[in-house]
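User: I've got a chain to look at and I'm new to this. Can you walk me through it?

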Amino acid sequence: MSADDATKGVACTLKPPVFLHLGGGDAKTHSGVCVIDVALPPGKTVNIETITFKNFYTASVSVRLQRRRPGQEGAAEWRTALGDRPLMVNPHTEAGAQDYCNIDRKQMRAEPDDVCAVRLILKQPSAAWRTFGVEDVRIFPRTQPEADKEVSDWLSALALVERRPQDQGPVDAASVSCSLQQMWALTQVMQSSQSSATSVGRFDVDGCYDIDLLSLT
């Protein structure tokens, strides 16, 4: 995944919204449910970190992901990653109606990896708003943390030392000692960061997320 994808998001295409109509009703009368499919680049899958969008009078959103695992045969599977997350404080009032919102991978109950398509299911039960939807949908891929990359590099280097042929002479003890000291120092920094992150706390209350705290203003 390129650095441009990580900062600007993955190139994706929003298909026209499909409103579910009430049976036997007027063609303009819908059930308060709208489905929007987001197509990702063909032939590629994405490990999703965050989905962002601007709300337009949608009361709640559900997210379904189509995933294709490496080597998987047959049709890709659909999984519900998020169900009925509130976007408006009250469907009948304008609070939160046009906020910027983000959905992080930590909030999804299905792992958002190897994703080839995204489906947004929007709901607006209030008759006060004739139209609703979402705008400016962006999908940002997951990137490997720099600290994890450094640990991986050091472990690879140590593995090469272990596989070093004996006829190439003795291993440089000073180099190995330096690498081990760097790994120990990084471990301390990571543990400290995790402790700091834990002390901040999360935004969920009784298992639900406060949309005002999760929205971008």
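Analyst: "Buried" means under 20% relative accessible area, "exposed" means over 50%, and "partly exposed" is in between (1.4 Å probe, protein chains only). This is a predicted model, where local features need pLDDT of at least 70, side-chain atom pairs count only at pLDDT 80 or more, and totals for chains, interfaces and linings use all residues. Residues are numbered from 1 along each chain as its sequence is written, and side-chain values use heavy atoms, with hydrogens and water left out.

User: What share of the protein chain's residues count as buried?

Analyst: The protein chain has 217 residues. Those that count as buried make up 31%.

User: Is C34 buried or exposed?

Analyst: Look at its relative accessible area, which is 0%. C12, by contrast, has 23% and counts as partly exposed. With its 0%, C34 is buried.

User: Why is strand β5 largely enclosed by the rest of the structure?

Analyst: Helices (H or I, at least four residues) and strands (E, at least two) are DSSP runs, numbered from the N terminus. Strand β5 covers residues 60-67. It's largely enclosed because, of its eight residues, the number buried is seven.

User: How many bridges join β5 and β6?

Analyst: β6 spans residues 77-86, and it pairs with β5 in the antiparallel sense. Here S60 stands opposite P86. The number of bridges is seven.

Methods
Pairing = 2+ DSSP bridges.
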